[in-house]
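Please keep the viewer open and follow the stops below in order. Each stop names a selection and then describes what is found there.

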Amino acid sequence: EKFENKYYVATWGGILQYDEDLQNVEKKYTNKSGLSSNLVKSLTANNDILFMALGNKGVSRFDGEKFVLPITTDIGLETNHINKVITKDNFIYFATKTGMSIFEENDIFPIPILQYQFNQYNGLENQEITSLAISENGYIFCGGVLGLEYIAISDLESGNWTCLNTENSELPSAKITSLSTFGNKLAIGTYEGLVELNLEDFSMQVYNLEDYSVDNSAVYPVLVDSHEDIWFGLGYWDDYNMTVSDSVDVAVCKLSDNEFSYFDKTDLGILSTRINNIKQIDNSLFFLTWGEGFVEYNLETNIWQEPVATEGISSNFVRDLQMDKNNILWISNGKYGSNSSTKNEKGLSVFDGTNWTNFNQYNSNIITESIYDIAVDNDNRKWFASWGDGVSYYDENDQQFHNLNLFGYPELYTFDGNQYHNPSRTIPFIEAMDEGEIAFATYPNYIAVLDEFEIISITELYQPSEDYDDF
């Protein structure tokens, strides 16, 4: 977002202030700077104030020098779970987990004043509003899992929203992922294709992407640029787990005069195809990625710029860290449970005292990006435990990651009285012992001790009885 001739970027770890001329990050704002939360989901500027939607902490406000009074449930927000914030004239529109809140700014009060609150019990069909757009002709559009809803700003007092879904319109899916508008055009991203809405007569043009040689029809995000061309990414979006699937090689698509153009990850200079957001500032488009910074595209020269990313740790969600024999710091992030999370699972970050190196599945042969525990043995091998992907290690001799084949150890199989079951790949901890052995647990069965890749000891984990009389 451009604010007072500076560029601000929302990240999972705070706000970055970016200098376009110098092509670097000038400053970073976090909760230590006064930001209410480091998880920033949306930015918009209005009347000399930068508004920052913070996930579950409401909205922080920044005047260019300091943070001022935030907008939270204390002053009228129905919930602090904010997905998107947009400003138009003196009004601020909040898409939230439980509906929409609309505030008005004025010079008399130091904080905006609540004017309208809409939810499932007051005009809306969708409970959670995940996407939001306001057209030049004065319509508010919002989307969720139950369809596209809209109302004229001049008709807000009535609360008479219109909801379009697969039963009463040409929408290919009621699950709306993203919205963008410019001029007389609204672009709608859905789970089953791209939709173009003409804002003059509200007619729809539906593009099933499989008809245009694109394997994935799920669209996220979308942007209508100042030429009324539509740009969009591909993938299924899960805001709760902060994930975007990237099952195709295409990173960005462009629709212009009913013709499609495709750009893959090599065109953008990135390693994955996960695009989180697309923004236009002046004559440039900015494609915000999941973990690789952002890429700028110049609309006048049609040239992609080099990706811009800050050097440092790949995730703020640190699960474990260990110093190896060469005084190199290894940092992991991961989680227990079956649900993956792109936000938290980013592989390994390695710091040599001066420079950071990040290992993930796009730039290395790392076995998993969800690493729960780390151990360093006497030979300086780094061992990694994961919740669901077993045990792996990094060998300095060949500088490669290797998978420990748990299926090759008969001792780790379990027998239920009728048949044998494969070893568990759920590893809650791994430890290096004084004599160089490696101990790890296979939940919920065993603790095994390895010496030069041979099991020398195995202990069955205690399983509580369901009959409490046995205790």
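Select strand S5 (residues 42-46) and strand S6 (residues 49-53), which pair in the antiparallel sense over 5 bridges. The model on display is a predicted one. Within this pairing, Asn46 faces Ile49 of S6. The hairpin of S5 and S6 leaves 2 residues between the strands, and Asn47 adopts a positive phi near 50° there. Now colour S5 by accessibility: the strand is mostly covered, with 4 of its 5 residues buried.

**The whole chain**

Zoom out to view the complete model. The chain contains 1 helix and 44 strands. Of its 471 residues, 50% are buried. Among contacts with a separation of 6 or more, 43% involve residues 24 or more positions apart. The accessible surface of the chain amounts to about 22400 Å², and carbon and sulfur atoms contribute 42% of that surface.

**Strand S15 and its two partners**

Next, select strand S15 (residues 147-152). Is this strand enclosed or open? All the counting points one way: 6 of the 6 residues of S15 are buried, so the strand is largely enclosed by the rest of the structure.

A hairpin with 2 residues connects S14 to S15. To inspect one position of this pairing, display Cys142 together with Glu149, its bridge partner in S15.

As background, strands of a sheet pair through backbone hydrogen bonds, in either a parallel or an antiparallel manner.

**Aromatic pairs**

Show the aromatic side chains. A search of the whole structure gives 39 aromatic pairs. How are the rings of Tyr29 and Phe62 arranged? Their centres lie 4.9 Å apart and their planes meet at 55°, so the pair is tilted. This pair links distant parts of the chain, since Tyr29 belongs to strand S4 (residues 24-29) and Phe62 to strand S7 (residues 59-62), 33 residues apart. Tyr29 is buried, with a relative accessible area of 8%, and Phe62 is also counted as buried, at 1% relative accessibility.

Move on to Phe359 and Phe401, an edge-to-face aromatic pair with 5.3 Å from centre to centre and 75° between the planes. Phe359 lies in strand S34 (residues 356-359) and Phe401 in strand S38, so the pair ties together parts that are 42 residues apart in sequence. Both Phe359 and Phe401 are buried.

For a group of rings, select Trp231, Phe263, Phe287, Tyr297 and Trp304, which form one aromatic cluster.

**The sheet that contains S38**

Return to S38 and display its sheet. This is an open sheet of 4 strands in the order S35-S36-S37-S38, paired in the antiparallel sense. Its edge strands are S35 (373-376) and S38 (400-404), each of which pairs on one side only. On average, neighbouring strands of this sheet are turned by 25° against each other, direction ignored. Focus on S37 (residues 391-395), which pairs with S38 in the antiparallel sense over 5 bridges. In that pairing, Val391 stands opposite Leu404 of S38.

**The nonpolar cores**

Keep Val391 and Leu404 selected. Both are among the residues with the most contacts inside the largest nonpolar core, which has 17 residues; Trp383, Leu412, Ile430, Phe440 and Leu450 are also in that group. Two or more core residues come from each of strand S36 (382-385), S37, strand S42 (438-442) and strand S43 (446-451). S43 gives the most, with 3 residues.

Centre the view on Ile430. Which residues are in contact with Ile430, leaving aside its neighbours within four places in sequence? The contacts are Asp373, Ile374, Ala375, Trp383, Phe384, Ala385, Val391, Ile438, Ala439 and Phe440.

For the last stop, select Ala95, Leu124, Ile140 and Trp161, which are included in a second, separate core of 16 residues. In soluble globular proteins, nonpolar side chains tend to be buried together.

How values were computed. Residues are numbered from 1 along each chain as its sequence is written. This is a predicted model: local features need pLDDT of at least 70, side-chain atom pairs count only at pLDDT 80 or more; totals for chains, interfaces and linings use all residues. Side-chain values use heavy atoms; hydrogens and water are left out. Two strands pair if DSSP finds at least two bridges between them. Axes are lines fitted to C-alpha atoms, for helices over the stretch in contact, and angles run from 0 to 180 degrees between N-to-C directions. Rings of Phe, Tyr and Trp (its six-membered ring) pair if their centres lie within 6.5 Å; planes under 30 degrees apart count as stacked, over 60 as edge-to-face and the rest as tilted. Buried means under 20% relative accessible area, exposed over 50%, partly exposed in between (1.4 Å probe, protein chains only). Contact means heavy atoms within 4.5 Å. Accessible areas come from the Shrake-Rupley method with a 1.4 Å probe; for residues, only the protein chains shown count as cover. A nonpolar core is a set of buried Ala, Val, Leu, Ile, Met, Phe, Trp, Tyr and Cys residues joined through side-chain atoms within 4.5 Å.
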